[in-house]
Amino acid sequence: RHGAVKNEDTFKTSPFHFDLWFYFTLQNWVLDFGRPIAMIILPLEWFPLNKPSAGDYFHMAYNVITPFLLLKLIERSPKTLPRSMVYVSIIMFVMGASIHLVGDSVNHRLIFSGYQHHLSVRENPIIKNLKPETLIDSFELLYYYDEYLGHSMWYIPFFLILFIYFTGCFTPVEEESRMPVPALLLTGPSSLYYWYLVTEGQIFILYIFTFFAMMALVMHQKRKGLVLDSNGLFLFYSFIITLVLIAVWVVWLWDDKILRKKYPGVIYIPEPWAFYTLHMNNLHAAKESL
């Protein structure tokens, strides 16, 4: 069953995978979004700066659990999907997430030394005075592995797997094209996490191309008399709400001159952690000084 999709697969149905989507959303929030928070909140003496932090262990668990859940999701597809592409994507996903683990670990530890995420590497006060200056190049290389290579190898296969799964979420039965209550309850947390993923990962182009591909596929399948099932609707609506959240985020920070300098391109989407170190961190410092 490694070849093309069989015709009879088109007419199989699949109930809403509440267990998988719930575990997927929960571990995304706890192990991905929660890892830098755990690193900041937990006492520093528990995790010295020269040892892995609590967030690093969260990241390690994420790197194991997420590929497993993605594989289980693919297995539950009512259609036979290209397994070779899925396996290669999973391998790249693990490699990219592991590269990101190392770079992100060091970058977040630098916060305790005064590193400011809203500034570039060379503009950071703790970096620009390093001697010899070649050390700055090393930190820029670390930033490249973290923010560019790691993110690309992590997120491209991640969205590719979701899209591959999405291609099997169509049914000729109109009655199956509705979202049950559990799906509605999970849509909000799922969308909010995708907002964080796109903004913090700086992967808007990848996200919007995936979303456009989903829209094109929906319109194409509609001409054949096929509609999205509950799992496809959940994924599609999550992406729609994510786009709305990104638009609100951009409009809110549109006139922020400092973040504008950090993100000077045509696509202006600030990272939440850059916003935190610029505004919220300063607010916490001001409260402590009172």
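Start by selecting Asp32, Arg35 and Asp104, which are linked in a network of salt bridges. A salt bridge here is a side-chain nitrogen of Lys or Arg within 4 Å of a carboxyl oxygen of Asp or Glu. This is a predicted model, in which local features need pLDDT of at least 70 and side-chain atom pairs count only at pLDDT 80 or more, while totals for chains, interfaces and linings use all residues. Residues are numbered from 1 along each chain as its sequence is written, and side-chain values use heavy atoms, with hydrogens and water left out.

**Stop 1: Asp32 and Arg35**

Keep Asp32 and Arg35 on screen. The closest N and O atoms of their salt bridge are 3.0 Å apart. The side chains of Asp32 and Arg35 are also joined by a polar contact of 3.0 Å. A polar contact is a pair of N or O atoms within 3.5 Å; within protein, one must be able to donate a hydrogen and the other to accept it, and residues adjacent in sequence count only if both atoms are side-chain atoms. Arg35 and Asp32 are separated by about one helical turn because they are 3 residues apart in helix H1. Helices (H or I, at least four residues) and strands (E, at least two) are DSSP runs, numbered from the N terminus.

Is Asp32 buried or exposed? Asp32 is buried, with a relative accessible area of 1%. Arg35 counts as buried at 6% relative accessibility. Buried means under 20% relative accessible area, exposed over 50%, and partly exposed in between (1.4 Å probe, protein chains only).

Now show the surroundings of Asp32. Not counting residues up to four places away in sequence, Asp32 touches Gln27, Tyr62, Trp154, Tyr193, Tyr196 and Leu197. Contact means heavy atoms within 4.5 Å.

**Stop 2: Trp21**

Go back along helix H1 to Trp21. Trp21 counts as buried, at 2% relative accessibility. Which residues are in contact with Trp21, leaving aside its neighbours within four places in sequence? They are Phe16, Leu73, Tyr165, Leu186, Asn231, Phe234 and Leu235.

**Stop 3: the nonpolar cores**

Next select Trp21, Phe158, Tyr194, Leu235 and Phe239. Of the 61 residues in the largest nonpolar core, these five touch the most other members. At least two residues of this core come from each of H1, helix H2 (54-75), helix H3 (83-109), helix H5 (134-166), helix H6 (181-201), helix H7 (204-223), helix H8 (230-252) and helix H10 (272-289). H5 supplies the largest share, 9 residues. A nonpolar core is a set of buried Ala, Val, Leu, Ile, Met, Phe, Trp, Tyr and Cys residues joined through side-chain atoms within 4.5 Å.

Centre the view on Phe239. Residues up to four places away in sequence aside, Phe239 touches Phe159, Leu162, Tyr194, Tyr207, Thr210, Phe211 and Met214. Then move to a second, separate core of 6 residues, which includes Leu110, Tyr115, Val121 and Ile136.

**Stop 4: a nonpolar surface patch**

Turn to the surface and select Phe18, Phe22, Tyr23, Leu26 and Val30. Together they form a nonpolar patch with about 450 Å² of accessible area. Patches are made of residues with over 30% relative accessible area and no salt bridge, with like charges joined within 9 Å and nonpolar side chains (Val, Leu, Ile, Met, Phe, Trp, Tyr) within 5 Å. Accessible areas come from the Shrake-Rupley method with a 1.4 Å probe; for residues, only the protein chains shown count as cover.

**Stop 5**

How many salt bridges does the structure hold? There are 7. One of them joins Arg76 to Asp19, with the closest N and O atoms 2.8 Å apart. This pair links distant parts of the chain, 57 residues apart: Arg76 lies in the loop between H2 and H3, and Asp19 in helix H1. Arg76 counts as partly exposed at 31% relative accessibility, and Asp19 counts as partly exposed at 31%.

Select Glu75 and Lys72 next. Their closest N and O atoms are 3.3 Å apart in a salt bridge. Both residues lie in helix H2, 3 residues apart, about one turn of the helix. Glu75 is partly exposed at 48% relative accessibility, and Lys72 is partly exposed at 29%.

**Stop 6: Gln202**

Finish in the loop between H6 and H7, at Gln202. Gln202 is not a glycine, but has a positive phi of about 55°. Most residues other than glycine have a negative phi. Gln202 is partly exposed, with a relative accessible area of 35%.
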